[in-house]
Amino acid sequence: MSTAIPSPSRSAPRLYIALAIVILAIGCVGPLLNPYYQRVLMMGLLFGYLAASWNIIGGYAGQMSLGHALFFGVGSYTVALVAKVPQVPLILALPIALVAAALIAWCVAAICFRYALKGIYFAVGTLLLAEIARIVAMNSETLGRSQGLQVPPGNGALSLTFATDLPFLYIFLVMAAALLVYTHYMSRSRFGYAMVALREQEDAAQALAVDVTQVKRRAFVISGTLTAAAGVMYAGLVRFVDPGYDLSLGVVLMMVMGAVLGGRGTVWGPFVGGFIVVLVQEALVMIGSMVGTTSVSALAQMIYGLFFVVILLAFPRGIVGEILARRADRRASLGAQPRGGAK
Amino acid sequence: MTAEVEMIFSLLLVGLASGVFTGLLLALISTGFNMSLGVSRVVNFQHGGMILWAMYASFFFWNATHLNPYVVLLIAVPASFAVGYALYRLLIVRSLKTPEDSQILFSIGLLIAFQYSAQFFFSTDAHSVSSDSLHGSLVLGPVVLQYGQIVAGAIALVVLLALHVMLARSDLGRFLHACAQNPVGARVSGLNVEHLSATAMGLAAVCAAISGVALSTLAPVIPERAFEYAILAVVVSVFGGMGSMTGSIVGGLVVGIIVSTCQAFGYGAVAQAIVYALVFVIFLVRPTGLMGGRA
Amino acid sequence: MTLCIDNIGKRFGGLTALEGVSFTAPRDKVVCIIGPNGAGKTTLFAILSGFLAPSTGTVKLGETLISGLPAHEIARMGIARTFQIVRPFRDMSTHDNVMVGAYARTTDHTEAGEIADRVLERVGLMHKRDFLAGYLTLPDMKRLEVAKALAMSPQYLLLDEVMAGLNLREQHEVAEMLETIHTEGVGILLVEHSLAIVQRMAHHVICLDNGRPIAEGSATEVMRSEAVQVAYMGVGQ
C-alpha cells in the first residue's frame, strides 16, 4: 500500500525555472551567511540529497531499506582509506566509492530480491547488513575501530581541501540540483513508471511486462551509489569518519524521515523534507544548548522522536505529497476535461 | 584428552552454561516482543526503548536506595503495564491505520522518544548495578557463573512459565493465538479486540521492564544500546519463530548459547555479527523463523 | 501466432488442480472457459500467463514454448492478462495506469502517452483520463484493466471474470468493447460465469470441473450437455 503520489506530469520548464530560482537564492545568499548558518544550509542540502537518493528505492519503488548507512559508510570510509595512501588526490575516492557501492548494492539486491524479501523482512534484513558492517568496522584496526578515522587535509581542491567550507555548499548544491533533475526525468521514464507500478501492485505490473526483480535491483543500485557519493563529500567536509554515526541507523532515519516528511515518490518532496529534518535537529540542539544542561538536550531529542510519530500520523503522504494529492482530488471532483498536448 | 581438547571442551561448557542463563533472559525479551508483534503485526522497535527505560529506573533505584534492584519491580511491573496499555490505546491503534512502512518508522520514533526521555528523567551517566546481594559467583568445575546471571535467568524462567500458564487458559491467550494465525478473523471474532490488544501490549511492556531490570545487573546502561536491544528482540524472535512463544524460548537459548560460546572463545564482538548474518539467511529462506507459522 | 495448450496439468502437493487440459485458441475465435467455482479456471489462466508453472504439459505461442517462462516475459511476448479482482495502480491517474502498459512497447515518454490516449479512447475512458485510478467506479476499473492490457498491443487478452460485479447492461457494454477489440485482431480468452455473455461472445466454450475438461464445443452444445448441467447443479445464473 502506498501513500505517495508520483508526479510524472510536472512539466520540465516549470521545474527548471523553480530550480534556477532556488540555486540562485542559495548560491547568492550562501556566502553572506555566517559559518554556522552556512553549515546548516550545507547539511540541509546534503540531507535533502540523501533523502532523495533513498527516495528512489524507498519512495518510487516502495521498498523500505533501513540499511543505507552501509552505502554512506562505504563513501566516507573510502575517503579515509584513500587519504592513507600518500600522493593520491582524495577526489579519486569518489569513483572508487561509487564502484564499490554499486557492486555491493548489486549483490545485496540480487540476493534480497531473488528471494523476494519484502516489507518488514527487507527493512530489517537491510538493517542487519548495515549493522554487520558497523560491527566489522568497529572491530577492524584498518578501519579505525570505534574511534574511527581522521581525514587529514591534503593539497588543494583535488583533495577536497579548501580555505573555508564554503565550496562544499556549492558542491552539495550542484549534487542536489543534479539529483533533482535526474529524479524528474526518471519519474517520467519507463523505469519510473515501472517502479511505481510494482510498488502499487506487483502482480499487475508483471502482467504488464515489468521485470519486477530487475527493476527493484536497478533502483537499489542507483540509490546506494548516490548515497555513497554523499558519504564521500561528507567525509571531505568533516574530515572524520565515525562508525557510530556514518554506519548507524541515525543517518538512515534522517534520510527516511526526510523522504517521508517531504513526500515519498515525489520529485521535490525529499529535498524539502530533508531540509526540514536538518532544521528541526538544529533548532532542538540550539534550544538545548541555550538552556545549557544535557538533560534538556535529551528532552530535545525526545521531542525529535515524537516529531517522527506525529508527522507519520498527520502527514502520511508527506508535505509535497499532500499538496499533490489535494490537487488530484480537486481535479477529480471538478470532472476532468481532456487535456490536449503535453502536460 | 590432550590439554587443547580439554580447554576447548571447558570453553564450550562455559559457553553452554552461561548461554543458557543469558538465553532465558533473551527468551523473555523475545516473548514480550512477540506479544507486541501479535497485536500490531509490525516490528515494534520501541520494545528496546522500554527495556532501556527499565534499566535506567533500576539503576536509579539501586543508586538511591542500595536495595536489591529487583525490588523496583514492585513499582515497575504495574507502571510498565499501564504504560504499555496506554501506549496501545492512544498511539499504536492510530498507527495501525497507516501503511506498514509508516508503522515501522513510527515504532522507531517511539524508540527514540523512550530512549531520550529516559535520559532526560534520569539524567545521569549510569553504569551497571553492582548490588551486594547479587555479588559473587558459582563455580562448577571449569564453569564460572555470576550470581547475577543465575538470578536473571531464574527470574526470566519463572516469568516465562507464569506467562505460559496464564495465556494457556485465558481469553487473552486464545486471542493472541488467533491473532498470530488469522489477524482479520481475530478482529471480528467478537472478543473485545481493543482491550485485549492493549492488555497484550501492557504485558509486553511488563516483560520489557523485567528484562530491563535483569539486564541492568549484567550490563552497563548505555542509551545507544536501546536500539541494539530492539534488534536483539527481532533477531531472537526470528530464530525461534515470529509469534511463537515456544519459539522465543528456543530462539533465546540458541542465540544465548551461540553468543556466550563465541565470547568464551574470545570472539564476543563478532558473535553479534554472526548471529545477524544467520538471521539474514533465515529471512531469505524461511522468514517466519525456525518454528514459526506461515508468514 | 496461435496459442496452443497441450495436456496441461497442475498439482499442489497431493491436490490435482488441473489435469488433461488441451485446446487451441485461434486468434479469430473468442474462447470461453466456464465451470463451477474451484474448477481450476483461474489456475489455468495463471499458468497461461506465467504466474504458475504447469506440472505437466506445455503451452506454446506459435512454435515458441512459453510455459515455465516468467510472467513478465510472457506478457512481453503478447499474452496480456487481467485479474479477477481489479488491480489498478491506485495512486496513478487513469492515463498513467495505461502508460505502464504502453511502456511495454516503447521507451519514449511522449509516444507512450499517445498510445495511452488512443487506448483510453477505444475503451471509452478518455473523460476520466486524469482521475486517480483509485477513485474510478467498478465498471470503469474493469475498462481500465482492459485498457492497461491493450496498451501492450497484445496478441491475446486473457480476461478473468471481467464481468463480475457488473449489472447486465454494463456487461453488454463491456462485451461490445471487447468485440470491437477482437475484430481488430486480438485473440480473446474469457473466464466467465455470466451465461448471457458466454452466449453472446463465445465461438468456442470449454467447461472445466474439478480441474478436468468435461465438455467442449459451441456455447449451445456445451450448455446443453448433461455433464455440464450436472456440474453446475442447475443452470448457471
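Among contacts in chain C between residues at least 6 apart in sequence, 65% join residues at least 24 apart, two residues being in contact if their C-beta atoms, placed from the backbone, lie within 7 Å. The structure is a predicted model, in which local features need pLDDT of at least 70, side-chain atom pairs count only at pLDDT 80 or more, and totals for chains, interfaces and linings use all residues. Residues are numbered from 1 along each chain as its sequence is written, while chains are lettered from A and ligands numbered from 1 in the order in which they are written.

Chain C contains nine helices and ten strands; helices (H or I, at least four residues) and strands (E, at least two) are DSSP runs, numbered from the N terminus. Its C-alpha atoms occupy a box of roughly 50 × 40 × 30 Å along the principal axes. Of the 237 residues of chain C, 50% count as buried. A residue is buried if 20 or more other C-beta atoms lie within 10 Å of its own, exposed if 12 or fewer, and partly exposed in between, with C-beta atoms placed from the backbone.

The mean for chain C is 89, and 98% of its residues reach 70 or more. Within chain C, the lowest confidence falls in helix α9 (residues 226-232), with a mean of 78, and the highest in helix α3 (residues 94-102), with 94. For the model, ipTM is 0.89 and pTM is 0.90.

One residue of chain C, C:D91, lies in the loop between β6 (79-81) and α3 of chain C. C:D91 counts as buried because it has 25 C-beta neighbours inside 10 Å. The C-alpha atoms of C:D91 and C:L132 are 6.1 Å apart in space, although the two residues are 41 residues apart in sequence.

Chain B has eleven helices and two strands, arranged along the sequence in the pattern α-α-α-α-β-β-α-α-α-α-α-α-α. The radius of gyration of chain B is 19 Å, close to the 19 Å given by the globule rule for 295 residues, so chain B is as compact as a globular protein of that length. The C-alpha atoms of chain B fill a box of roughly 65 × 45 × 35 Å along the principal axes. Of its 295 residues, 57% count as buried. Residues 24 or more positions apart account for 81% of the contacts in chain B with a separation of 6 or more.

Two pairs of chains are in contact, and chains A and B share the most contacts. In this pair, 37 residues of chain B are in contact with 37 residues of chain A. Elements α3 (73-95), α4 (100-122), α9 (225-240) and α11 (268-285) of chain B each give two or more residues to the side that touches chain A, and α4(B) gives the most, with 15 residues. That side of chain B comprises 26 nonpolar, eight polar and three charged residues. In this classification, Ala, Val, Leu, Ile, Met, Phe, Trp, Tyr, Cys and Pro count as nonpolar, Asp, Glu, Lys and Arg as charged, and the others, Gly among them, as polar.

The contact between chains A and C takes 30 residues from chain A and 32 residues from chain C. On the side of chain A that touches chain C, α7 (190-200), α8 (202-207) and α14 (319-334) of chain A each supply at least two residues. The residues of this side divide into 19 nonpolar, four polar and seven charged. Chain B and chain C do not touch, and their nearest C-alpha atoms are 14 Å apart.

The largest nonpolar core has 305 residues, of which A:F172, A:L208 and B:V235 touch the most other members. Such a core is a set of buried Ala, Val, Leu, Ile, Met, Phe, Trp, Tyr and Cys residues joined through C-beta atoms within 7 Å. Leaving aside neighbours within four places in sequence, A:F172 is in contact with A:M42, A:L45, A:L46, A:Y49 and A:M233.

Technical notes:
pLDDT is the predictor's confidence in each residue, from 0 to 100. The radius of gyration is taken over C-alpha atoms; the globule rule is 2.2 Å times the number of residues to the power 0.38.
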